[in-house]
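Here is a short report on one protein model. Look at the structure first, then read on.

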Amino acid sequence: MIQQHRQESSLLTQWVHEYENDPEFIADGLAADVIEDALNILKKRKLNKKWLAETMNISLEELLRIFEGNSCNLTIVDLVKLSVALGTKLKVTLDSENIFL
């Protein structure tokens with residue numbers, strides 16, 4: 001059992017190293033982080049996705065596409081709408097201290 005766990009852990013580590021510089025993998029991770037943050041804010045404020053969609057001036061279906069669909073297709077405009085609706089500050093930076101080479 002322990003050896004199987006080590007093999008699975010090793011395989012996961014291998015996949016992370018294999019994809020760590022893949023733009024789509026990175027974008028999916030960033031999008032997942034933003035969506036998780038948004039869901040946490042909604043929960044903390046006792047708001048729902050319907051309210052968020054209305055506040056963003058998009059359909060609930062469009063919001064669900066953003067939250068549950070292919071999040072890699074989030075646009076900067078989607079992110080700004082989400083940030084404005086939640087009353088948060090969107091910050092996108094390039095961190096030259098952690099360069100992937």
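Which residues form a nonpolar patch on the surface?

## The nonpolar patch

The patch consists of Leu 11, Leu 12, Trp 15, Val 16, Tyr 19 and Phe 25. Together they have about 550 Å² of accessible area. Patch residues have over 30% relative accessible area and no salt bridge; nonpolar side chains (Val, Leu, Ile, Met, Phe, Trp, Tyr) are joined within 5 Å, like charges within 9 Å. A salt bridge is a side-chain nitrogen of Lys or Arg within 4 Å of a carboxyl oxygen of Asp or Glu. Areas come from the Shrake-Rupley method with a 1.4 Å probe, and for residues only the protein chains shown count as cover.

Helix α1 (residues 2–19) gives the most, with five residues. Helices are DSSP runs (H or I, at least four residues), numbered from the N terminus. Val 16 lies in α1 and is partly exposed, at 37% relative accessible area. Buried means under 20%, exposed over 50%, partly exposed in between.

## Confidence

The model is predicted: local features need pLDDT of at least 70, side-chain atom pairs count only at pLDDT 80 or more, and totals for chains, interfaces and linings use all residues. Residues are numbered from 1 along each chain as its sequence is written, and side-chain values use heavy atoms, without hydrogens and water.

pLDDT is the predictor's confidence in each residue, from 0 to 100. Its mean is 85 for the protein, and 84% of residues reach 70 or more. Among the elements, α1 has the lowest mean (73), and helix α3 (residues 49–56) the highest (96).

## Two positive phi values

Lys 46 is not a glycine, yet its phi is positive, near 55°. Lys 46 sits in the loop between α2 (23–44) and α3. Lys 46 is exposed, at 76% relative accessibility.

Asn 57 also is no glycine and has a positive phi, about 60°. Its loop runs between α3 and α4 (60–68). Asn 57 is exposed, at 70%.

Note on methods:
Buried means under 20% relative accessible area, exposed over 50%, partly exposed in between (1.4 Å probe, protein chains only).
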